[in-house]
Amino acid sequence: MDSSQPAIEVSSKIAYLQPGMYIIRLASEAPGNVITLNPTPVGRGTVDFFPGDGVVRNTLAKVGDCVIVRVKAAVGSLLLTEFHKAGQQQQMKLKIDRVATEGFEAGGGAQTAFPSTVRGAAGRDTGTAAAPTAAPTAAPAAATELPVRQLGHIEGVGDTIVENDWLGDPDGDARIEGFAVNVKGLPAGVSLNYGALIEGTRRYAAAVAGQFVGTRQKAKSLLGVVFDLTGPGAEQFQLSGEVVFAGEPPLAIEPGVQLSGPSGTEHLVALQLSITPLATRSTAASAWDDPAVTRIVRQSPTVAHKAPVKPAAAKKAAAKKVSTRRK
């Protein structure tokens with residue numbers, strides 16, 4: 001290994017885009033850093049790239065570099081990856097603007113920052129003066145868990161509805177073949193998004209609160225799930241919970257992280273989701289949020305279709321959850 005070469009760090013995120021045309025451009029640069037755009041297998045839409053003058057392989061290196069992106073048929077997704085020198089603090093900012101079409105108000109694009117740590121937040125660009133982006137809605141000060149109602153189609157049982165409780169049996173083996181989640185109390189613009197990897201498919205099926213994802217009476221398992229909150233003010237709510245795959249201890253839900261069993265073939269048997277408002281904060285909204293255009297899933301570079309299982313932590317969680325259900 002050549003020690004004279006500087007160490008390179010990689011930060012990556014997935015952006016979900018509704019069908020339409022977008023201009024993605026670099027709004028702030030950092031010496032030696034680049035951001036690349038690539039399609040992902042997540043989402044059902046078709047994504048086409050039209051690089052601007054001087055842009056090679058959809059790689060943005062300097063302010064003004066841009067790529068026009070076209071999403072067709074359904075929701076599409078982009079993998080946004082920044083390569084930067086290890087320890088470098090200067091951030092690059094990416095701006096995503098949807099091209100105005102009928103029924104859509106132009107302006108107010110989301111300015112995206114790549115911080116040196118994935119969970120860092122940057123300021124939000126309000127877009128044009130004629131159409132500023134709305135300020136994030138403040139979350140309630142009281143940390144009261146919001147009502148979360150889950151409907152699931154469970155093997156041998158059929159449709160089942162629970163509220164703020166386990167959907168399915170974490171100690172059982174009956175598969176959850178599909179589910180839908182509704183949340184009461186979220187402010188306008190904040191949305192719960194989720195997805196599931198259905199047996200026999202390669203891509204996660206995506207849904208928003210209230211929509212059913214999965215199948216009914218087709219004997220197909222769910223091999224992976226992912227949950228996230230998006231929109232201005234989403235960072236003022238804590239998304240948590242656990243999922244259980246057959247024969248495995250519970251896995252803690254992390255926003256935007258795809259969860260599955262160790263081999264990726266274990267089927268989903270139980271799910272518990274909770275959303276709690278955090279104390280009102282004065283910090284700016286996440287630069288990744290754009291309610292009209294973009295849904296961002298925060299994901300570490302190492303996460304693919306499953307997250308690593310942490311046996312020690314998971315066993316503690318399992319003991320706690322089981323004792324709660326037996327009371």
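**Reading cores, strands and salt bridges in a predicted model**

The accessible surface of the protein comes to about 15,300 Å², of which 54% belongs to carbon and sulfur atoms; accessible areas come from the Shrake-Rupley method with a 1.4 Å probe, and for residues only the protein chains shown count as cover. The model is predicted, so local features need pLDDT of at least 70 and side-chain atom pairs count only at pLDDT 80 or more, while totals for chains, interfaces and linings use all residues. Residues are numbered from 1 along each chain as its sequence is written, and side-chain values use heavy atoms, with hydrogens and water left out.

Q: How many helices and strands are there in the protein?
A: Helices (H or I, at least four residues) and strands (E, at least two) are DSSP runs, numbered from the N terminus. Here the protein has one helix and 21 strands.

Q: What percentage of the residues count as buried?
A: Buried means under 20% relative accessible area, exposed means over 50%, and partly exposed lies in between (1.4 Å probe, protein chains only). Of the 327 residues of the protein, 48% count as buried.

Q: Which residues touch the most other members of the largest nonpolar core?
A: In soluble globular proteins, nonpolar side chains tend to be buried together. A nonpolar core is a set of buried Ala, Val, Leu, Ile, Met, Phe, Trp, Tyr and Cys residues joined through side-chain atoms within 4.5 Å. In the largest one, which has 35 residues, Phe179, Leu192, Tyr194, Val225, Phe227, Val243 and Ile275 touch the most other members. Among the strands that each supply at least two residues of this core are S10 (148-154), S13 (176-183), S18 (237-245) and S20 (268-277), and S13 gives the most, with five residues. A second, separate core of 20 residues includes Tyr22, Val67, Leu80 and Met92.

Q: Where is Val243 placed, and which residues is Val243 in contact with?
A: Contact means heavy atoms within 4.5 Å. Val243 lies in strand S18 and is buried, because its relative accessible area is 0%. Leaving aside neighbours within four places in sequence, its contacts include Val225, Phe227, Pro249, Ile253 and Leu271. The C-alpha atoms of Val243 and Leu271 are separated by 4.5 Å, although these residues stand 28 residues apart along the chain.

Q: In which sense do S10 and S11 pair?
A: Two strands pair if DSSP finds at least two bridges between them. S10 and strand S11 (residues 158-163) pair in the antiparallel sense over six bridges, and Gly158 in S11 is the bridge partner of Ile154. The two strands form a hairpin with three residues between them, and Gly156 in the turn has a positive phi of about 75°.

Q: How many salt bridges does the structure hold, and which side chain meets that of Arg25?
A: Side chains of opposite charge can pair when their charged atoms come close. A salt bridge is a side-chain nitrogen of Lys or Arg within 4 Å of a carboxyl oxygen of Asp or Glu, and the structure holds eight. The side chain of Arg25 meets that of Asp97 (2.8 Å, N to O), a pair that links distant parts of the chain, with Arg25 in strand S2 (residues 20-28) and Asp97 in strand S8 (residues 92-98), 72 residues apart. Arg25 counts as partly exposed at 29% relative accessibility, whereas Asp97 is buried at 13% relative accessible area.
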